[in-house]
Amino acid sequence: MERDTESKLARQLIAGETGAFDRFVEYFRPKIFQYSWLMCGHREDAEEVAQETLLKVFESGDQLREPKKIRSWVFRIAKNACLMKRRKSIFAPAKEFSLDEFLPSKHQDGGQVRMEIADWSALPEGEALQSEMRELLEKAIRELPEVYRSVILLRDIEELSTQETAQILDVSDDVVKTRLHRARLAIRQILDAYLRANEVEAGGKRHGTPPAQ
Amino acid sequence: MEPHQHNEKCKEVFALLSDYLDLDLPPEACQEIEAHIAGCAPCIEFAESLRKTVGLCRQYQPTELPAPLGQEAKAQLLEAYGKMLAARTNRPG
């Protein structure tokens, strides 16, 4: 649905329809700002990126041939604008994750080796995120190294496809998939640690996963 | 009962979980993962926690909003938009 709305906005914008400019800016400006805010880490940078991106969209708008590609077009411009704002504190140092660092740790429990995984079953689905969880997720995303953050923002937050994300970031589809998996694992690990800490606090301490029956 | 180790199969599944959740694997690889997971409680739990992580990311909406668009910034955008429309209108063909 979102995609339909977006390509409609783009078509109306190109056609110069009344009100199209305001609708386009109202829709995309907060989107670009939010992406840039998570990407750059600074409000003032994100405000500037939003303005620079929209300006660039209009300046090169006569080249937009396919309105249905508007989202990836806009995010490609926004990504480049974010790179120009690159600040050492948030973009460096480059860190590569290895898969092994996300394997749940094991511990001895009597004669059993168990995995340290929180009880995720209590986590509600399809409901608005509770503020504590939301803040934790936001912090986890913002603290990811840039190469992982850029992929998870486009794939899981903006819900662009692997191919679109690869084009925006100038990497191969396989690189997108590899980075996405590590980014998700890194976030999962942070959420898992939080859930486990809460279990301990609630007195319902669980020693990992029960062994397979 | 065998204690659960990170055996090679678990590690293979672990490496492919995102592709699996994104339905991005060939059918035979999917079936292989499903066959393993069906008999491996820790892998089920891990896959479920990763699936929920992705779900949380998809639900997530940033709360930060940009400051209202200032008059000067809007004028700058409108000017560029005007030029864009003119360029499209004047384009031959």
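In this predicted model, the buried residues of α4 in chain B are covered by elements that include α2 (20-40) and α3 (43-59) of chain A. Helix α4 of chain B runs over residues 71-90, and its 20 residues reach 28 Å from the first C-alpha to the last, close to the 28 Å expected at 1.5 Å a residue.

Which residues of α4(B) are buried? They are B:Leu77, B:Tyr81 and B:Met84. Seen down the axis of α4(B), the buried residues fall within an arc of 55 degrees, so they line one face of the helix. An α-helix has 3.6 residues a turn, so residues three or four places apart point the same way. The face of α4(B) that is turned away from the buried side carries exposed residues, namely B:Gln71, B:Glu72, B:Ala75, B:Ala86, B:Thr89 and B:Asn90.

The view can now be widened to the interface between the chains. Here 44 residues of chain B are in contact with 49 residues of chain A. On the side of chain B that touches chain A, α1 (8-21), α3 (41-59) and α4 of chain B each supply at least two residues, and α3(B) gives the most, with 15 residues.

As to the confidence of the prediction, the predictor gives the complex an ipTM of 0.87 and a pTM of 0.86, while chain B averages a pLDDT of 88, with 90% of the residues scoring at least 70.

Turning to chain A, one finds nine helices and two strands, and from the N terminus on the elements run α-α-α-α-α-β-β-α-α-α-α. Chain A has 213 residues, of which buried residues make up 38%. Among the contacts in chain A with a separation of 6 or more, 66% are accounted for by residues 24 or more positions apart.

A:Val175 has its place in helix α9 (residues 173-201) of chain A.

Notes: Residues are numbered from 1 along each chain as its sequence is written. Chains are lettered from A and ligands numbered from 1 in the order in which they are written. This is a predicted model: local features need pLDDT of at least 70, side-chain atom pairs count only at pLDDT 80 or more; totals for chains, interfaces and linings use all residues. Helices (H or I, at least four residues) and strands (E, at least two) are DSSP runs, numbered from the N terminus. The expected span of a helix is 1.5 Å times one less than its number of residues. A residue is buried if 20 or more other C-beta atoms lie within 10 Å of its own, exposed if 12 or fewer, and partly exposed in between; C-beta atoms are placed from the backbone. The arc is that of the directions from the helix axis to the C-beta atoms. Two residues are in contact if their C-beta atoms, placed from the backbone, lie within 7 Å. pLDDT is the predictor's confidence in each residue, from 0 to 100.
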